[in-house]
Amino acid sequence: MKLCVVWVCSVGLSLSLCCPATAATPLPDLGGNAFATLTPEKEKQIGDVMMRQTRASLPMINDPLLDEYLNNLGNGLVAKAEGVRFPFQFYWVNDKNINAFATLGGHIVSNTGTLAVADSESEFASVMSHEIVHVTQRHIARSVEARSQSAPLTLASLLGSIILATVNPEAGMAGLMASQGMAQQSAINFTRSNEQEADRIGIQLLANAGFDPYAMPEFFNKLSEKTRFSNTQLAFLYTHPLSQARISDSRVRAQQFQQRFVPDSTDFPLIQARVWARYQLDNEGAIAHFQKKLASPGGNTKANHYGLALALYDKKDYAGAEQLLNKLRSEDDKNLFYLDAMTDVYISTNRVDKALEMLEQQYLLRPNNQIITLNYANAAMQGKSYRLALHLLRNLLYYKNDNFLAYEMLVEAYKGLNDMARYYEARADLYYQLANYPKAIDDINVALNQLTPDDQLESRRLEAKKKQLQTEFSRLKKLN
C-alpha cells in the first residue's frame, strides 16, 4: 500500500501544532506542576499528548506493514518485561540515520535507518528492548520529575527536546541539558547510569523473549566502528552515550547466557527489503541494490525478489513488478507483503475489481488484520465503493482507534459520499491525532453548520464532542 509518509507541518512547539478528534481518554485536571509527581496514569495521559504532537512534527510513516511488524516485535518484548504499567505503542520515523527514542507513557519510536543496518532481527530487537527498559524502569519519568523540581518545565520544552534530539541530535542534547537546569557533567552521568541499567535489563529481556542476547554488544560494537574514523557522531550516540567500557560491560553481561543460533523471523528480511526499497534508497538505487543482491551468491531470496518488485512498481514498471509478485504468490498466496504489493499493481493497472476479489477473500479469513483491511478499504475507494470503505474503516478504528491512515481514508470516504457533516467531523478526528485542538474544534463547528434543524440528535452529539475537546485543550494549556 503506497500511502506512507506524513509530514503535516513544520516543527512547532505550541499546543496548536497543526491538524483532528476522536476522543481518547480525556486529561484529568492536572493542577499546578503536573510534572512534579508523575503517577503511571498521569504519565500515560501526558505521553499520549506528547506522541500526538510528535506525530505532527516529524516525518512519521503510516505504513501498515511496517506498523504491524514493529508493534508485533515490540509487544512481544513487552510481554516478557517486568514493571509494565500501561500498553506500549511503537512508531516509525522516515530517517536514514540510526536512532530510536522513548517518550512518556510507553511510546517508542525507531528511525527506519536503524532497521536497515541491522544484521539480524536480534540486533534490531536489542534497540527496542533498550528503549522499553527506559520506560519500565521509569528513567524518563524520573528525569522529568527531577527537571521539574529544578526549573520550570512545560510540555513544549519536553517535546522540543525530543524533536531536536531527533532532527538535530547535538542541539537536542544541549536543549535537554539546559532545560534540566543542572551542570552538564551531572546530566551526562545521570544518562550513563540509565544507559547501563537499560543495557543490563535489556539483555535479560532479549533472552527472555527468545532473541540473541549477544546481539546487543554486537550492535554497539558496530556503532562504535562506524564512528571510529568519522568526525560526525551518529544520532543514536548523542542520546545514548556509548563508551568502550559500556560495550565491554554489555559483552560480559551477554556471556551470562549460553550462546545459541537464533534465526530471524520470516518477516524480518521482507520488512528490511521494504525499508531499503521505499525509505533508504532512491528508486534507481533500489533497483540496482536488489539486482546486485540477486546476482550475488546466496542472494536469490524471496526478500530480494520482493524488494525488486517494490522498486519496479515505484518506477511504474507494473508488468515487471507483477511478474515477480505472481511467482512469489504462487508459493505463498496468503503472504501479506505480496498481497499488499499486488493490490497496488491491480489498482495502478485499472483492475480494481480483481483487487477487491482478492482482498474480500482474505478479509473473510482475517477480518481484524489492519493490512488487509486498509488495502481492502483503499481498493473500495478506488472503485468508488465508499460505503464499503466506511464499513471497513469504522470496524478497524473500533479496536485500533489511533490508526492515522484509517482516519485519513475516512475523511476521503465521506468526501466521496458528499456527506459534509461527517467529512468535517472526520477531519476533526484527524486533527486530534496530531494534538491540534483549535483546528479540531473549528472543524466540529463547521460540521455543526452542515446539519439541518431535523438533525437534533447529531447536533447534541457533536456539541458534546466539542465540549470535551475544549475541556481537554484548557487542561492541556496548563502544561504549557
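Pro269, Leu270, Ala273, Arg274, Ala277 and Arg278 of helix α12 are in contact (heavy atoms within 4.5 Å) with Lys302, Ala303, Tyr306, Gly307, Leu310, Tyr313 and Asp314 of helix α14. The residues of this contact divide into eight nonpolar, one polar and four charged; here Ala, Val, Leu, Ile, Met, Phe, Trp, Tyr, Cys and Pro count as nonpolar, Asp, Glu, Lys and Arg as charged, and the others, Gly among them, as polar.

The model is predicted, with local features needing pLDDT of at least 70 and side-chain atom pairs counting only at pLDDT 80 or more, while totals for chains, interfaces and linings use all residues. Residues are numbered from 1 along each chain as its sequence is written, and side-chain values use heavy atoms, with hydrogens and water left out.

**Two helix pairs**

Helix α12 spans residues 267–280 and helix α14 residues 302–314; helices are DSSP runs (H or I, at least four residues), numbered from the N terminus. The axes of α12 and α14 come within 8 Å and cross at roughly 30°. Axes are lines fitted to C-alpha atoms over the stretch in contact, and angles run from 0 to 180 degrees between N-to-C directions. The pair α12 and α14 is therefore roughly parallel, a label for angles under 35 degrees. The crossing of α12 with α14 is right-handed, that is, the near helix is turned clockwise from the far one by less than a right angle.

The second pair is helix α2 (residues 64–78) and helix α18 (residues 370–382), which pack at an angle of about 165° with their axes 9 Å apart. Helices α2 and α18 are therefore roughly antiparallel, a label for angles over 145 degrees. Their crossing is right-handed. Pro64, Leu65, Asp67 and Glu68 of α2 make the contact with Gln370, Ile371 and Leu374 of α18. Four of the residues in this contact are nonpolar, one is polar and two are charged.

**Two side chains in helices**

Asp67, already named in the contact between α2 and α18, joins its side chain to that of Gln370 through a polar contact of 2.6 Å. A polar contact is a pair of N or O atoms within 3.5 Å, one able to donate a hydrogen and the other to accept it; residues adjacent in sequence count only if both atoms are side-chain atoms. Leaving out residues up to four places away in sequence, Asp67 touches Phe90, Trp92, Gln370 and Lys400.

Gln362 lies in helix α17 (residues 352–365). A polar contact of 2.8 Å links the side chains of Gln362 and Arg366. Beyond its neighbours within four places in sequence, Gln362 is in contact with Asp333, Lys334, Leu339 and Ile372.

**Positive phi in two loops**

Most residues other than glycine have a negative phi. Arg138 has a positive phi of about 60° and is found in the loop between α4 (121–136) and α5 (139–150). Asn418 also has a positive phi, near 60°, and is found in the loop between α20 (404–416) and α21 (420–432).

| Residue | Relative accessible area | Class |
|---|---|---|
| Arg138 | 14% | buried |
| Asn418 | 58% | exposed |
| Asp67 | 18% | buried |
| Gln362 | 6% | buried |

How values were computed:
Angles under 35 degrees count as roughly parallel, over 145 as roughly antiparallel, 65 to 115 as roughly perpendicular and the rest as oblique. Buried means under 20% relative accessible area, exposed over 50%, partly exposed in between (1.4 Å probe, protein chains only).
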